[in-house]
Amino acid sequence: MPDGDDLAELKELLRTAGVAVVGELVQHREAPHPNTYLGPGKVQELKELVARLDANVVAVDDELSPRQERNLEQALEKVPVVDRTATILDIFAEHAHSAEGKLQVELAQLEYNLARMRGLWTHLERLGAGRGEGGIGTRGPGESQLETDRRLARDRISALRRKLRDVKGSRAVMRAERERGHLPQVALAGYTNAGKSTLLNALTGAAVGVRDRLFHTLDPNTRAMRLDGRPYLITDTVGFIRKLPHQLVDAFGATLEETRLADLIVHVVDASVDEDEMVGMMRAVDDVLDEIGAGERPRLLVLNKADAIDPDRREELRFHHPDGILVSALTGEGLDDLGERIERAFRDTLRSVDLLLPFDQGGRLAELHEMAGDLDREDTAEGVRVRGRVPATVAERFARFDVSKNGAVADNGVA
Ligand SMILES: Nc1nc2c(ncn2[C@@H]2O[C@H](COP(=O)(O)OP(=O)(O)OP(=O)(O)O)[C@@H](O)[C@H]2O)c(=O)[nH]1
Ligand SMILES: [Mg+2]
């Protein structure tokens, strides 16, 4: 086991996938055995353990090469062997509800399976080459079947990619629409089970599904919330995990795009676990954020589950993560503070405006109120004089009503 304590998480994954764990086995090795993953002695031990416990599946906390998987299954006399990737894919398949989510999971599963087919294929090829034959004569019926399967899988993969591109297109349209509203976008990111959905619910009064299960949320949920009178959009999306299968990162590209394009990323961590484990999970999230091109976005760190944290741990968190915002999505502790910090993150992007809206522009005024929260307003002979701080994009849209000096600048089309 490469990461020592990792088995607890695999157990959690298996529990989520509906598998009861009856036993476990750990081998410390320099590197996994290239043919069987475990060393020969350990394979024997595993075989005996499987027989004694009457287990009907073996799960490995790593990604196995197709060869390792096949050989291990053979050694265990046909007890199926699944790896970490297959387990995660299985959970995703179970939890995908939207059309997009289903497409994404199917794509990831096909790619995973295609790699296995290819493994088998090169294996057969090598056998052929080893016999000193080559070319046409070495192609047996099994191989051409395999080729057909691979071709079918490839066709399906292309079709899925095309469909996902369409979905991505319509998502881009939706996003463009939202952007026309110029609402600041906040994305919640974090390890699976950190409490992202609970936090979204607590901040917005939404009712997004929450469960003590890994990868409960796969589809992005976007909700509106208000801070100090101004509206924001906040999105909860798929959780991350150590060794997230790269097929999934790839397939969930459109979903993760919501995170990549957010103005602010709120990284939610479960701070009730011990420091080392928490840092490990944070690093996994950082890695995925980097991978999807969101590594440089402005970020806040939220230390969640404060209600389950004792004073010593609180002290430790203050020391190691002085910028972290301690909250409990469950009890509401720290949520005001979080709101304040989100607002502050956007404050620099606000512009002061001094506008004069003619009386026949009532709709405009309502719109401005909607976007700007608190405004100073004063009825004058020419119309309503409004002063306040608004997002830059809103300031531009109202530039022609600006009666301050900066108004002239904005009017010249300087964005
Ligand atoms: N004690 C405590 N538990 C919490 C808190 N926030 C969330 N939880 C629990 O943590 C579990 C996971 O919460 P979710 O909100 O589903 O977590 P998530 O990050 O959305 O998880 P995925 O969608 O699976 O990635 C649930 O059992 C929640 O009740 C909190 O502040 N305190
Ligand atoms: Mg969730």
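Leu38 lies in the loop between H1 and helix H2 (40-53). Helices (H or I, at least four residues) and strands (E, at least two) are DSSP runs, numbered from the N terminus. This is a predicted model, in which local features need pLDDT of at least 70, side-chain atom pairs count only at pLDDT 80 or more, and totals for chains, interfaces and linings use all residues. Residues are numbered from 1 along each chain as its sequence is written, chains are lettered from A and ligands numbered from 1 in the order in which they are written, and side-chain values use heavy atoms, with hydrogens and water left out.

**Leu38**

Leu38 counts as buried because its relative accessible area is 9%. Buried means under 20% relative accessible area, exposed over 50%, and partly exposed in between (1.4 Å probe, protein chains only). Leaving aside neighbours within four places in sequence, Leu38 is in contact with Leu25, Gln27, Arg29, His33, Val43 and Leu46. Contact means heavy atoms within 4.5 Å. The C-alpha atoms of Leu38 and Gln68 are separated by 8.8 Å. Along the chain these two residues are 30 residues apart.

**The protein as a whole**

The secondary structure comes to 15 helices and eleven strands. Of the 415 residues, 46% are buried. The accessible surface is about 20800 Å², and carbon and sulfur atoms hold 50% of it. Accessible areas come from the Shrake-Rupley method with a 1.4 Å probe; for residues, only the protein chains shown count as cover. Among contacts with a separation of 6 or more, 68% are between residues 24 or more positions apart.

**Helix H1**

Helix H1 spans residues 7-16. Leu7, Glu9, Leu10, Leu13, Leu14 and Thr16 are buried in this helix. What covers them includes strand S1 (58-60) and helix H4 (84-95). Thr16 has a relative accessible area of 11%, so it is buried. Not counting residues up to four places away in sequence, Thr16 touches Ile91, His95, Arg213 and Leu214. After H1 comes Gly18, with a positive phi near 85 degrees.

**Val269**

Val269 sits in strand S6 (residues 264-270). Its relative accessibility is 5%, so Val269 counts as buried. Beyond residues up to four places away in sequence, Val269 touches Ala194, Met278, Met282, Leu301, Val302, Leu303 and Asn304. The C-alpha atoms of Val269 and Lys305 are separated by 8.5 Å. The two residues are 36 residues apart along the chain.

**Salt bridges**

The structure holds 23 salt bridges. A salt bridge is a side-chain nitrogen of Lys or Arg within 4 Å of a carboxyl oxygen of Asp or Glu. The table gives three of them.

| Pair | N to O distance |
|---|---|
| Arg299 and Asp286 | 2.7 Å |
| Glu316 and Arg313 | 2.9 Å |
| Arg347 and Glu340 | 3.8 Å |

Arg299 forms a salt bridge with Asp286. The pair links distant parts of the chain: Arg299 is in strand S7 and Asp286 in helix H10, 13 residues apart. Arg299 counts as partly exposed, because its relative accessibility is 30%. Asp286 is at 28% and so is partly exposed.

Glu316 and Arg313 both lie in helix H11 (residues 311-320). They are three residues apart, about one turn of the helix. Which partner is buried? With 9% relative accessibility, Arg313 is. Glu316 has 30% relative accessibility and counts as partly exposed.

Arg347 forms a salt bridge with Glu340. Arg347 is partly exposed, with a relative accessible area of 33%. Glu340 is partly exposed, with a relative accessible area of 33%. Elsewhere, salt bridges that share partners join Glu9, Asp61, Arg84 and Arg242 into one network.

**A negative patch**

Asp287, Asp290, Glu291 and Glu296 gather in a patch of negative charge on the surface. Patches are made of residues with over 30% relative accessible area and no salt bridge; like charges are joined within 9 Å, nonpolar side chains (Val, Leu, Ile, Met, Phe, Trp, Tyr) within 5 Å. Lys and Arg count as positive and Asp and Glu as negative, while His and the chain ends are not counted. The place of a charge is taken as NZ of Lys, CZ of Arg, CG of Asp or CD of Glu. Glu296 is in the loop between helix H10 (275-291) and strand S7 (299-304). Glu296 counts as exposed because its relative accessibility is 77%.
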